[in-house]
Amino acid sequence: LVALDLETGDRLPPRKVARFARAWCQAVTARARVRPVIYTFLAFADAGNCAGLEDHPLWIAAPDHPTGRPEIPQPWHRWTIHQYCHEPLDRNVFRGTRAQLTSLGYRPRRRAGKRRGGHR
């Protein structure tokens, strides 16, 4: 699992934070063949810092919400992981099966020497 922790913009405007995040995710996906999960919280995402990242799974930090019932920020329509507690330890719940969690974000590489259609 590869995650981008988006919690601060270091005084950059939200559009620049979102542009950096999209470029980082594209680079990781292209090089590592893994689609990163985005870890963030409601107010940060709703401020526009996560614009254009809706195709990435959302790991939402929402300890004030009941387990598995976080408020979902824009631009997402659903959550994948909910961090429902952070004291004394971080606690999370995954929306899915163990197999789905194990393969989260993974995109297998095509075998060397193979082309589409199975021809060499």
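This report describes the elements, the helix packing and the nonpolar cores of a predicted model.

Residues are numbered from 1 along each chain as its sequence is written, and side-chain values use heavy atoms, with hydrogens and water left out. In this predicted model, local features need pLDDT of at least 70, side-chain atom pairs count only at pLDDT 80 or more, and totals for chains, interfaces and linings use all residues.

**Overall layout**

The protein has 3 helices and 5 strands. Helices (H or I, at least four residues) and strands (E, at least two) are DSSP runs, numbered from the N terminus. From that end on, the order is β-α-β-α-β-β-β-α. Of the 120 residues, 33% are buried (under 20% relative accessible area, with a 1.4 Å probe and protein chains only). Contact means heavy atoms within 4.5 Å. Among contacts with a separation of 6 or more, 40% join residues 24 or more positions apart.

**Helix 2 and its cover**

Helix 2 spans residues 42-49, and F44, A45 and N49 are buried there. Seen down the helix axis, these buried residues fall within an arc of 95 degrees, so they line one face of helix 2. The arc is taken from the directions from the helix axis to the C-beta atoms. Their cover includes helix 1 (14-32) and strand 2 (37-41).

Helix 1 and helix 2 pack at about 100 degrees, with axes 8 Å apart. Axes are lines fitted to C-alpha atoms, for helices over the stretch in contact, and angles run from 0 to 180 degrees between N-to-C directions. The two helices are therefore roughly perpendicular (65 to 115 degrees). On the helix 1 side, P14, V17 and A18 take part; they meet F44, A47, G48 and N49 of helix 2. By class, this contact has 5 nonpolar, 2 polar and no charged residues. Ala, Val, Leu, Ile, Met, Phe, Trp, Tyr, Cys and Pro count as nonpolar, Asp, Glu, Lys and Arg as charged, and the others, Gly among them, as polar.

**Nonpolar cores**

A nonpolar core is a set of buried Ala, Val, Leu, Ile, Met, Phe, Trp, Tyr and Cys residues joined through side-chain atoms within 4.5 Å.

| Core | Size | Residues named |
|---|---|---|
| Largest core | 15 residues | Most contacts inside: L4, L6, I38, C50, L53, W76 |

Helix 1 gives the most, with 3 residues. Leaving aside neighbours within four places in sequence, C50 contacts L6, A18, T40, A45, P75 and W76.

Methods
Buried < 20%, exposed > 50% of the residue type's maximum accessible area, 1.4 Å probe, protein only. Parallel < 35°, antiparallel > 145°, perpendicular 65-115°, else oblique.
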